[in-house]
Amino acid sequence: MQSGQLSLEDIFAEDAYKAEQPGGIQWLSDNSGYTMLETPADYDSREVVAETENDKSAAPKEIVFYDPASSERRVLVGIDALTPKGTEAPLTIDDYDWSFDHSKLLIYTNSKKVWRVKSRGDYWVLDLKTQELKQLGGDYVPSTLQFAKFSPDGQRVAYVKEANVFVEDLGTEEITQLTERAGDHIINGIMSWAYEEEFSIRDGFRWSPDGTSIAYWQFDTSGVRNFSLINNTDDLYPKVTEVPYPKVGETISAAKVGAVSASGGKTVWANLPGDPRQMYVPRMDWAPESDKLIVQHVNRRQDQNTVYYADANTGDVDPLFLEQAPHYLFDVDDVHWLKDSGDFLWLSERDGWWHVYKASSDGQSVVDLTPGDFDITDVAHVDEASGWIYFLASPEAMEARYLFRASIDGSGEMQQITPTEFAGTNSYDISKDGRFAVHTHQSFVQPPQYRLISLGDHREISMLEDNAALTAKIAELDLGGHEFFRVDARDGLPLDGYLIRPPSFDDSAQYPIVFYVYSEVAGQTVRDAWGGKRHLWHLYMAQQGYLVASVDSRGARAPRGRDWRQSVYGGIGILASRDQSDALKAMTERWPYIDEDRVGIWGHSGGGSMTLNMLFRYPGQYKAGVSQAPVTDQRLYDAIYQERYSGLLDEYADEYLEASPITHAKNLEGELLLVHGTGDDNVHYQSSERLINELVRLNKPFRFMAYPNRTHAVVDSEGAGTELHLNTMRARFFDEHLMTE
């Protein structure tokens, strides 16, 4: 390999540009400091199991305590304490949690994937006083427990096993089953596939504040049609996995929430109104008192969220307030209760922007704590004692993120906390008392750096991980420049983008250009952040002589307000694809070095759909495209996501057809490479199969690559060599069609 040049083998096979991060940092509730996972200093001299010898990330970890005020460091839980009796190897810590008094440690290990994340595994409890290490679950099959958590007093642990909720007494080791399934179609304490994917929630139960009860979700998936995933390669005969998957217009799971005594008994169900097959319950938790729940109840159209108090003893519900939107609710989130006042914090875009509101416990008073014509993007911390709420936003640069704070009482102007020197993307993990934070900073050309800071003055106490080796390696690369820019759509709406130029760039020459696209409401591509392997692939392509660009169409999840996001309702892909076309025209007018006869585009998932839209709707502009895991017909995708942005099928049937790429396949002129994993549980392989049939019917030439049993991610963990093969194939495809004159 030439000096200063990236290689696809280094990026995807050797993982030579992997960014490191400090492991398992947790701030302690008594404000004494934080704990984190560290490999013992004498790791290299230890005898460990063979599979960890050449993998530093798999090395045994101990739990170390740090006091940021005094810089004290001490090993709190060593390797020996993490080694079960009768074994030689310590537990591999996938995650851990402390009891409230920090006398016990809950260890999550031996985890296995459930769809996209490792949410099923084994749990152990270490008593720090006695140094006794016990496994939870009794006599059971390994890697079958989910979402274990301590009771408030730390004497019991609740968890889910085989879709039922259990409580285990740590003293007596007695296990009490709290729920009973009435068939495979009933699941307790965990989420249905669609809730996990579209409401970003997996853990389905909550301890009451006093530890006497547990509230949980129950889903009835009867009537929800199964989608079959077929594995043809792992055995002599196919293995079929059935997933209850509610597609657009089809029956959805019936969700309900109830409360049950932690010692067992009858569940009291919240008497939520309406047809449960036409409603969602995306959030639920206990109110500060242990006798009632606060439940968010969203209609199927997802433009109204009625928040209820539910009596845990009777199931009676009282409406607290109604949140509604012109077309769809941007997001749902848990409420944050304020201990002193009894008020709670609520996220809403009711004034046209995504803001934090303080609401009274009766819902009668709602005050905007972050007013202004800008969106917040995340709530970082609530420091009630000092009267501050910390949040992330970037009012001036849509691609960046900075920390701000505003007063909880609603007085005064917001203050930017992140110093201007940290241009790019910033995030913060803030201590319970708001004195310290782990500050993560990254940018387009800088991998993440993790600093321990004092939050008040943003002073660096220590560098936890600077990724210095990776930064030095990147500095040695021969890279071109990049810039963030804005161009106008035909109606004058500004669109944000970035452009990467090749090394030794000559503005008098002409270059092929490859666009990376997503342009769905669920994501934003134009970010001043380190993009990992995908970003490195783009830098590699720039080294091969390409311009690389990305533009966020209207509707993208950028902090540009409610009108921006909701403008695409009822027509996902129509206005957004027009914006992509307009952006390309504006860019070629501004930068004549873009060769408009050699334009390529690629994307994954929603980006795969948009790639098809550009090739089919604007065939004269795009010469080649790579569409990965696309939704080709919007009626094939899941109900929660697609109905939220496209409307209900019986009201928007014509719009569904017009917005789907497959409808316009007859216009294909350029070169298409279609890629899909046959085991994709999210965007089904069916989607690409239907497009293949249509292209065959139309006698349109194209290329196709199926990855057996790969899911939506299409990554190495699903088959050795997957990422190198996919990214090499994509690069060669563009070379073949854009580099030849």
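Biologist: In which loop is glutamine 510 found?

Modeller: A note before the answer: the model is predicted. Glutamine 510 is in the loop between β37 (494-500) and β38 (511-516).

Biologist: Is glutamine 510 buried, partly exposed or exposed?

Modeller: The class follows from the relative accessible area: under 20% is buried, over 50% is exposed, and in between is partly exposed. Glutamine 510 has 44%, so it is partly exposed.

Biologist: What does the side chain of glutamine 510 reach?

Modeller: The backbone oxygen of proline 592, at 3.0 Å. With neighbours within four places in sequence left aside, the contacts of glutamine 510 are Pro592, Tyr593, Ile594, Asp595 and Arg598.

Biologist: Where does arginine 156 lie, and in which strand?

Modeller: Arginine 156 belongs to strand β10 (residues 156-161). Its relative accessible area is 17%, so arginine 156 counts as buried.

Biologist: Which backbone atom lies 3.0 Å from a polar atom of the side chain of arginine 156?

Modeller: That is the backbone oxygen of glycine 211.

Biologist: Which helix holds serine 609, and is serine 609 buried or exposed?

Modeller: Serine 609 lies in helix α7 (residues 606-617). With a relative accessibility of 4%, serine 609 is buried. Its side chain reaches the backbone nitrogen of valine 631 at 2.9 Å. Apart from residues up to four places away in sequence, serine 609 touches Ser627, Pro630, Val631 and Pro661.

Biologist: Now the sheet. How do strands pair in general?

Modeller: Strands of a sheet pair through backbone hydrogen bonds, and the pairing is either parallel or antiparallel. Here four strands form an open sheet, in the order β24-β25-β26-β27, with antiparallel pairing.

Biologist: Which strands stand at the edges?

Modeller: β24 (336-337) and β27 (366-368) do; each has a single partner strand, so one side of each has no neighbour in the sheet.

Biologist: Over how many bridges do β24 and β25 pair?

Modeller: β24 pairs with strand β25 (residues 344-348) over two bridges, in the antiparallel sense. In this pairing, tryptophan 337 is opposite phenylalanine 344 of β25.

Terms used:
Residues numbered from 1 in each chain as written. Predicted model: local features only at pLDDT ≥ 70, side-chain atom pairs only at ≥ 80, totals over all residues. Heavy atoms only, no water. Buried < 20%, exposed > 50% of the residue type's maximum accessible area, 1.4 Å probe, protein only. Polar contact = N/O pair within 3.5 Å; in protein donor to acceptor, adjacent residues only side chain to side chain. Contact = heavy atoms within 4.5 Å. Pairing = 2+ DSSP bridges.
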